[in-house]
Amino acid sequence: MSEPLHYKSVAELSSELSSKKISSVELTQAVIARTKAVDAKVRAFNSFDEADALAQAKASDERRSSAKTLGVLDGIPIGFKDVISVKGQPLTASSNMLKNFVSPYDATVTQKLKGVGAISWGRLNLDEFAMGSSTENSAFGQTHNPWDLERVPGGSSGGSAAALAAGEAPATLGSDTGGSIRQPAALCGVVGLKPTYGLISRYGLIAFASSLDQIGPFTRTVEDSAILLNAIAGHDPMDSTSFKTEIPDYRAELKKRKGPWKLGIPKEYFGEGLDPEVTKAVEDAVSFYKSKGCEIKEISLPHTKYAVGVYYIIATAECSSNLARYDGVRYGHRSKDANDILDLYFKSRAEGFGAEVKRRIILGTYVLSSGYQDAYYVRAQKVRTLIRRDFLEAYKDVDAVITPTSPTPAFKAGEKAANPLAMYLCDVYTIGVNLAGLPGLSIPCGYSKSGLPIGLQLIGKPYGESELLSIAHSYEQEHTWGTRHPNIEAQKGAL
Amino acid sequence: MNDYEVVIGLEVHVQVKANSKMFTRVKTGFGHPENTLTDPVVLALPGVLPVMNHAALDAIIKSGLLLSCDIAPYCKWDRKNYFYPDSPKNYQITQYDKPICLRGNVEIELPGSARNVMGEHKLIPLTRIHLEEDVGKLNHAAFDSLIDYNRAGTPLMEIVTDPAMQSADEAFAFLTALKTVMVYGGISDCDMEKGQMRCDANISIRPKGQEQLGTKVELKNLNSISYVRDGISHEILRQLSLVKSGGKIVQETRDYDGQTGTSQSLRTKEDAHDYRYFPDPDLMPVKVDEAWKARLKAECPEMPFDKQRRFMKEYDIPYTITSVLIPDKSLSDYFEATAKLCGQAHAAGNWIANDLLREIGKSGESIDQCKIKPNHLAALIKLITAGTISTTAAREVFSEMASTGELPEKIVERKGLTASASSDDLETWCKDSIASDPKALAEFKAGKDSAINAFKGPVMKAAKGKANPKLVDETLRRLLAL
Amino acid sequence: MSADKIDINHLAKLARINLTEQEKERFAAQLGDVLNYIAELKEVDVTGIEPTAHASPVYNVWAEDIAKPGLSVTEALQNAPAQRDNMIVVPKVVE
């Protein structure tokens, strides 16, 4: 059965474009039409620029007709989380603070994607400044999970995951600080990759927590993930933390590596709070790997229980400083009734930031403040060392680690909104990966009885994306979870 | 109040001369139209990242080597968090607990007992030098303030001394000496008018003999070389009279207004900032190895006071001349080149300290732009010594060289300035001169040798300056002996 | 151990954010919960452990001092809330 254009993978679309079965303008029109049809319900987009997207598509078609195609992504629309800068487009971080901000520069990933002919398509919703796990903390309204509009799509890259699941883009970019790509990918039934810290330039990504943030792709398939990674990975002189490492052809490598692999199951990840349906789906995946000859080893990551605490100290400390620049002076929201410069700071920031952002800035200010820094921030950095060490120790015995991505499938909107701590604990399985700077990937591994997607997290060695993608690919080849689509039309729009 | 002593520590900010900013590659500069030296990083737009400037690191390590600092093998970058409209990120990237240079010292010279007497030299110990980024500039209008970010992000060194100076004169001498070293090293021009060097002072007084430091007051905005001396003197007097009248000095930061010569309190210790320093996660640490230091060591020039001592010893020129030459590295290099070429250091020193400086003062050129090069001046000095031209003619050649850049021989030839009067003419002029001054003749005959000089003027006048002075003297003596 | 008491007024001042009384109360309680949770970090033995500031540390990442073009004044000020004479305008700053 052939999929409609809006549900085809990047690989399929790319080959249809190159065989001239479709044009980029036709594809872009289909994506625009789909978005117009469903986004009133899903609310994945903060904004999109139809004319601009079609102009880019037209330019791509012209390149193709004169045999000057820039590669496999030429003519493919890609959605951007609204924290990644595209010159001339809004850059809002889903915050009233940046409601009217238009970026005068391109992020490095944007430049790279433009360089290979991809079409920048729309600005995708998120938890304000990427702080949250449900995309409810957006100043422009929450995004809904296409599988159940009453539920959250996860976050913070909820718009990127939901848009992809709803057929509003063939692929999207997100960012992941503590799970913000993997968790929404799991909750929306798509593939989400958080690469190794330093693999992809952060230049042009609005910083939440600089030592943890990483851009990554949302795709329908593992192969698509490899295709996007090929386009955006690599050292950038504009980002001092980007790593100089040889970038393989991830797509070509996919099929070369066939295992069997040694896979580690960390016992600390299967404890209290894990939904039985998630446990079952992950166990089934483990059995699959075993049946393929993989060696499954129980491992221990003893400092796992401290990860959430360490994360909330480091991430909030960094964000309290990173977000100091939003002060109403040079750009962004400025309070109308400020009497003096201090008043301007206090009021602009009070009016411009939402509650979760304020809460985290306050917490971060606290853990860095005089008299508390050693007890919190410095200690957290030390425990972070131990967490990374746990993983590196484990990798002496195993090639990758398998865990659930999220303790539960998508939860109901509003369910955790009043309890920040409960919300923070959503990230319990994903946070360690950011603290250790490792690559992590979530792929669909089943559905709950009520039809909600469940995600499997695979964690690789530093810069081991090739192997990680291959491990995921071998699973994906024999499962069809990712080919299911939500029935948005049948659902009534949520509030 | 002789029973009190003064303790001063300085924090000096020096802008590093660099093409691009500390953490981004847009141009640096002074006097450009407002907000024309910015980029997304300077403006702290959402999503930007810093990348450090290699040349700025070279500059601070070189400064450390020049000032005998210990260069840290490892240093890192920290964020200093505070809100101020001239600081685009509302944090400044600086070095908190791991500065790149530790300890070290600056040699200073105190005023001598007279202008031509060398003053006492002292070593002022440094605490540290670190690298950071400059802020933008606020312009205050009647009802609001306007921000220009051109200066924001310029590489800036902070040089912190120990509390080791005892007078405003020492502080002044410190800045003068530091500036000279920075200029010598090519690190900064330290032009205070352009904000390339700025100074804050920590000042306290204590009863003589007391070990513990008194309560310190930080004096800000000592932004011209004379404000430093005036501001510190003013603050010392303020503290002394406060103590004398039974008052208590409070720890505070005061702003010195150089125009009115007054200061006012900005904030007291109670409202001190909590800067929440932490390592900047956007930047990687710096490791300095021996090879890096060796490369910069090789670029380090001779230190100014070492050069001065050497000039006085090697060339036997007076302190007054060296104190004109030394502060300007180009000028002192110019001197040395000239002295070597002509072998006459005294004459070279005098020509440079007087005529050359007057010439470039007049034209407003720098020594490097001046058309008279050391080989020109050396050639001119040689011509005078050889008696080829008179001193009067030499001055004419000198100003001609300044405008044309020709070699002196060429000018002498072109203008016919050689002391080339024929011996017949010379003989006649000498005879006439002797005949016209019987008084001098009588004196000379009576044994007063210097009376001969009275005959020379009219001869030179008749020769229009072209007579060889040596030959004139010989001819006169021969005629007088007859 | 129990978490340290949060001085919400001081923190709001440091962070330059006006908080309503309601927000102060709510945040203080919520942050108290978070800090209690975080407090378990105190049981970890970190003796001799170096803090991790970067996930994979490298050193001496810099660029050579070659100036590149920046933004035009128009681009630099395109998002400015208030401007005059090519500069950003703010309420009069004293100090």
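**Note on a predicted three-chain model**

1. A:Gly167, with a positive phi near 80°, follows H5(A). Helices (H or I, at least four residues) and strands (E, at least two) are DSSP runs numbered from the N terminus.

2. On the basis of the note: this is a predicted model, in which local features need pLDDT of at least 70 and side-chain atom pairs count only at pLDDT 80 or more, while totals for chains, interfaces and linings use all residues. Residues are numbered from 1 along each chain as its sequence is written, chains are lettered from A and ligands numbered from 1 in the order in which they are written, and side-chain values use heavy atoms, with hydrogens and water left out.

3. Chain A as a whole has 16 helices and 11 strands. Its radius of gyration (over C-alpha atoms) is 21 Å, close to the 23 Å from the globule rule (2.2 Å times the number of residues to the power 0.38) for 495 residues, so chain A is as compact as a globular protein of that length. The C-alpha trace spans about 65 × 55 × 50 Å along its principal axes. Buried residues make up 67% of the 495 in chain A. Of the contacts (heavy atoms within 4.5 Å) with a separation of 6 or more in chain A, 76% are between residues 24 or more positions apart.

4. A:Thr177 lies in the loop between strand E4 (171-176) and helix H6 (182-188) of chain A. Its relative accessibility is 1%, and A:Thr177 therefore counts as buried. The side chains of A:Thr177 and A:Asp213 are joined by a polar contact of 2.6 Å. Such a contact is a pair of N or O atoms within 3.5 Å; within protein, one must be able to donate a hydrogen and the other to accept it, and residues adjacent in sequence count only if both atoms are side-chain atoms. Leaving aside residues up to four places away in sequence, A:Thr177 touches A:Phe208, A:Ala209, A:Leu212, A:Asp213, A:Tyr311 and A:Asn434.

5. Between chain C and chain A, 52 residues of chain C meet 66 residues of chain A. About 5200 Å² is buried between the two chains, 68% of it on carbon and sulfur atoms; buried area is the accessible area (1.4 Å probe) that two parts lose on being put together, summed over both. There are 3 salt bridges between chain C and chain A, each a side-chain nitrogen of Lys or Arg within 4 Å of a carboxyl oxygen of Asp or Glu. C:Glu23 forms a salt bridge with A:Lys358, with the closest N and O atoms 3.0 Å apart.

6. Chain B and chain C also touch, through 49 residues of chain B and 33 residues of chain C. The area buried between them is about 3600 Å², with 59% from carbon and sulfur atoms. The rule finds 1 salt bridge across this interface. C:Arg84 forms a salt bridge with B:Asp144, at 2.9 Å between the closest N and O atoms. Residue pairs in polar contact between chain B and chain C number 18 (both at pLDDT 80 or more).

Conventions
Buried means under 20% relative accessible area, exposed over 50%, partly exposed in between (1.4 Å probe, protein chains only).
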